[in-house]
Amino acid sequence: MASAHYNLALQEFWKGTLGDITGATTIKVRLMRSSAYTFAQAHQFASSLPAAIATDVTLGTKTANGAGADPGCFDAADATFTAVPSGAAIDCLAVFKDTGTPATSNLLFYIDGFTVTPNGGDITIQWQNSTPWIAKL
Amino acid sequence: MSTVTMINSVGENAAGSEIELPDEIADLFILRGYADGTLSRDYDPNERAEILGEQQVVGLGG
């Protein structure tokens, strides 16, 4: 599996129903293990995700232009997950619009291609510093 | 309590926000580079090394 948009999120982008995700809309990131989650285009909401390994991170300093350099690219400050319990490798994550209710929280992007074995400390995800940053539409 | 400005997004604390935290947590965030602010006290090298020791960083792409 490669990183991907959720098609049902793209549908909502086109319909304009997701709001300004760079504004007050709460966008969160969840760390996951591919052993516990298989990406599927049929997944629309965060209720399809496995339980959080660590507290989901609320993204801040969000832009829709790759930090001013790349229009169409969603970017944000790096995300730090605190005190991630030791265990099997973590190798994927999902970005979603959080409504406070998983069954209505739209999944936006799925990202893999990394692996980190948690040692009980913090894990910081440094987003790519070039296209697609976090994700490009 | 100390006020810090978040650089990284940490848990529910989004980057760019100014938040008030217990001194110990604020100092940890500052020392780890997650936030800007003023330390509540001096930390010796051993303390700093201990605080910094458990971090893991995952760089996505180039």
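This is a predicted model: local features need pLDDT of at least 70, side-chain atom pairs count only at pLDDT 80 or more; totals for chains, interfaces and linings use all residues.
Residues are numbered from 1 along each chain as its sequence is written, chains are lettered from A and ligands numbered from 1 in the order in which they are written, and side-chain values use heavy atoms, with hydrogens and water left out.

Chain B has two helices and five strands, arranged along the sequence as β-β-β-α-β-α-β. Here helices (H or I, at least four residues) and strands (E, at least two) are DSSP runs numbered from the N terminus. The C-alpha trace spans about 35 × 30 × 15 Å along the principal axes of chain B. Among contacts (heavy atoms within 4.5 Å) in chain B between residues at least 6 apart in sequence, 23% join residues at least 24 apart.

## Chain A: layout and dimensions

Now to chain A, with one helix and nine strands. From the N terminus the order reads β-α-β-β-β-β-β-β-β-β. Buried residues account for 50% of its 137 residues, and 74% of the contacts in chain A with a separation of 6 or more involve residues 24 or more positions apart.

Along its principal axes, the C-alpha trace of chain A covers about 40 × 30 × 25 Å. The radius of gyration of chain A is 14 Å, which agrees with the value near 14 Å for a compact globule of 137 residues; this radius is taken over C-alpha atoms, and the globule rule is 2.2 Å times the number of residues to the power 0.38.

## The nonpolar cores

A nonpolar core is a set of buried Ala, Val, Leu, Ile, Met, Phe, Trp, Tyr and Cys residues joined through side-chain atoms within 4.5 Å. The largest one holds 42 residues, and Leu59(A), Trp127(A) and Ile134(A) touch the most other members. Strands S2 (27–32), S5 (79–81), S6 (90–97), S7 (107–116) and S8 (123–126) of chain A each supply at least two residues of this core, with S7(A) giving the largest share, seven residues.

Leu59(A) is worth a look in the viewer. Not counting residues up to four places away in sequence, Leu59(A) touches residues including Val29(A), Phe74(A), Val95(A), Trp127(A) and Ile134(A), as well as Ser9(B) and Ala14(B). Another core, of ten residues, lies apart from the largest one; Met6(B), Leu21(B), Ile30(B) and Ala35(B) are among them.

Technical notes
Buried means under 20% relative accessible area, exposed over 50%, partly exposed in between (1.4 Å probe, protein chains only).
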